[in-house]
Amino acid sequence: MNIATTRGQAKTLSLPNILTYARIAAIPVVVGCVFAQSILDGPLWLRWVALAVFIAAAVTDYLDGYYARMWDQQSAFGRMLDPIADKLLVASCLLMLAADSSIHGWTLWAAIVILCREILVSGLREYLAALRVSVPVTKLAKWKTTIQLVAIGFLIAGEAGEQILPQTTLIGIALLWVSAIFTIYTGWDYFRAGIHHLIKEDEG
């Protein structure tokens, strides 16, 4: 095994990447607990388990980037996997919450907007990466992600949360709409950047 291969494996197994792997591993646990509680009529404590695992997964979203920068363990693999893990977590939770009717009616449109934006941004990032163009994550986009995760957390707590904080689900739905509005705005930034470079490419 040569030195380059050893270094590549070390970066792949670095703590930031392990945290990202953990975020992906948390998805079936969160979805499974919500499914067992709502669809299979399981006990309410499953919601608290789902919420605890979801919060831990959401915290890793901050920690993996923090440690990667602090310990200079940033890698191409980590930059690729981190946004994928985020999108998998959010999309899986939104679909499960729609399945158990925590998200229903008009609120489904907020979830659709969020999911469509994630697909749009993924496509644009892939296109811009081919042009060697980097679009930095704005503070507004980070706020969008934070509000989105908090909204999903409230919705995961759902009926169990209502016993401690009345209107838990309503708070989650309100925050989801706020997140959807931020999603449209930040998604437009990516779309505008993509169109700008697409026009330049065609003109060139």
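Buried here means under 20% relative accessible area, and the exercises below apply that cut-off to a predicted model.

**Exercise 1. Which elements make up the chain, and which of them has the lowest mean pLDDT?**

Step one: the chain contains 7 helices and 0 strands, so that, read from the N terminus on, the order of elements is α-α-α-α-α-α-α.
Step two: the chain averages a pLDDT of 83, with 78% of the residues scoring at least 70.
Step three: helix H1 (residues 3–12) has the lowest mean pLDDT, 46, whereas helix H6 (residues 139–162) has the highest, 92. Over residues 1–10 the pLDDT is below 50, and beyond near neighbours in sequence this stretch has 2 contacts in the model.
Step four: where pLDDT is low, the predicted coordinates should not be read in detail.

**Exercise 2. What end-to-end span should helix H2 have, and where does H2 bend?**

Step one: helix H2 (residues 15–39) has 25 residues, which at 1.5 Å a residue should span 36 Å, and because its end C-alpha atoms are 36 Å apart, the two values agree.
Step three: after H2 comes Asp41, whose phi is positive, near 60°.

**Exercise 3. Which residues of H2 are buried?**

Step one: the buried residues of H2 are Pro16, Asn17, Leu19, Thr20, Arg23, Ala26, Ile27, Val30, Cys33, Val34 and Gln37.
Step two: an α-helix has 3.6 residues a turn, so residues three or four places apart point the same way.
Step three: for the chain as a whole, buried residues make up 35% of the 204 residues.

Technical notes:
Residues are numbered from 1 along each chain as its sequence is written. This is a predicted model: local features need pLDDT of at least 70, side-chain atom pairs count only at pLDDT 80 or more; totals for chains, interfaces and linings use all residues. Side-chain values use heavy atoms; hydrogens and water are left out. pLDDT is the predictor's confidence in each residue, from 0 to 100. Helices (H or I, at least four residues) and strands (E, at least two) are DSSP runs, numbered from the N terminus. Contact means heavy atoms within 4.5 Å. Buried means under 20% relative accessible area, exposed over 50%, partly exposed in between (1.4 Å probe, protein chains only). The expected span of a helix is 1.5 Å times one less than its number of residues.
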